[in-house]
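This report describes the structure shown below.

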Amino acid sequence: GFAHSSARPTHAINLQELRRLSSQGIPEEGSHRALAWRVLMGYLPPDTSKWEAVLKRDRGLYRNLVSELFVRPLHHKKRPII
């Protein structure tokens, strides 16, 4: 089966084994498929002890990006339609 983050906090996923298992299909049950893809695509590192820090960093970057892109003006002036 697939490694689970709560099994051992310092566990490192064997990428070769994950690729081999994934080539046979990843079960849809639970969160295995999404988790496997995150690791396979390099979004999450194979070292599960780093996942929390990576997710925290990326969520912070996302929040900053959203706040920069979707700034709400303090004073919204309506322009007359001519």
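This is a predicted model: local features need pLDDT of at least 70, side-chain atom pairs count only at pLDDT 80 or more; totals for chains, interfaces and linings use all residues.

## Terms and overall fold

A residue is called buried when its relative accessible area is under 20% and exposed when that value is over 50%, with partly exposed in between. E17, at 32% relative accessibility, therefore counts as partly exposed.

The protein contains three helices and zero strands. Along the sequence, the elements follow the pattern α-α-α. The protein has 82 residues, and buried residues make up 18% of them. Its accessible surface comes to about 7,300 Å², and 57% of this surface belongs to carbon and sulfur atoms. Among contacts between residues at least 6 apart in sequence, 45% join residues that are at least 24 apart.

## Helix α1 and its two sides

Helix α1 spans residues 15-23, and its buried residues are L18, L21 and S22. Viewed down the axis of α1, these buried residues fall within an arc of 100°, so they line one face of the helix. What do the buried residues of α1 pack against? Their partner is α2, which covers residues 32-40. On the other side of α1, Q16 and S23 are exposed.

Both ends of this helix show a local feature. At the start of α1, a side-chain oxygen of N14 comes to within 3.0 Å of the backbone nitrogen of Q16. Just after α1, G25 adopts a positive phi of about 105°.

## Salt bridges

How many salt bridges does the protein have? The count comes to two. One of them joins R20 to E17, with the closest N and O atoms 2.5 Å apart. R20 and E17 both belong to helix α1, where they are three residues apart, or about one turn of the helix. R20 has a relative accessibility of 40% and counts as partly exposed, and E17, at 32%, is likewise partly exposed.

A salt bridge also links D58 with R57, and here the closest N and O atoms are 2.9 Å apart. Is D58 buried or exposed? D58 is buried, because its relative accessible area is 17% and the cut-off for a buried residue is under 20%. R57, by contrast, counts as partly exposed at 49% relative accessibility; the value for an exposed residue would have to be over 50%.

## A nonpolar patch on the surface

L65, L69 and F70 make a nonpolar surface patch of about 350 Å². One of these residues, L69, lies in helix α3, which runs over residues 51-69. L69 has a relative accessible area of 56% and is therefore exposed.

A12 is located in the segment before α1. With a relative accessibility of 48%, A12 counts as partly exposed. Which residues does A12 touch, not counting residues up to four places away in sequence? They are P46 and D47. A12 and P46 are 34 residues apart in sequence, yet their C-alpha atoms are 5.3 Å apart in space.

Methods:
Residues are numbered from 1 along each chain as its sequence is written. Side-chain values use heavy atoms; hydrogens and water are left out. Buried means under 20% relative accessible area, exposed over 50%, partly exposed in between (1.4 Å probe, protein chains only). Helices (H or I, at least four residues) and strands (E, at least two) are DSSP runs, numbered from the N terminus. The arc is that of the directions from the helix axis to the C-beta atoms. Contact means heavy atoms within 4.5 Å. A polar contact is a pair of N or O atoms within 3.5 Å; within protein, one must be able to donate a hydrogen and the other to accept it, and residues adjacent in sequence count only if both atoms are side-chain atoms. Patches are made of residues with over 30% relative accessible area and no salt bridge: like charges are joined within 9 Å, nonpolar side chains (Val, Leu, Ile, Met, Phe, Trp, Tyr) within 5 Å. Accessible areas come from the Shrake-Rupley method with a 1.4 Å probe; for residues, only the protein chains shown count as cover. A salt bridge is a side-chain nitrogen of Lys or Arg within 4 Å of a carboxyl oxygen of Asp or Glu.
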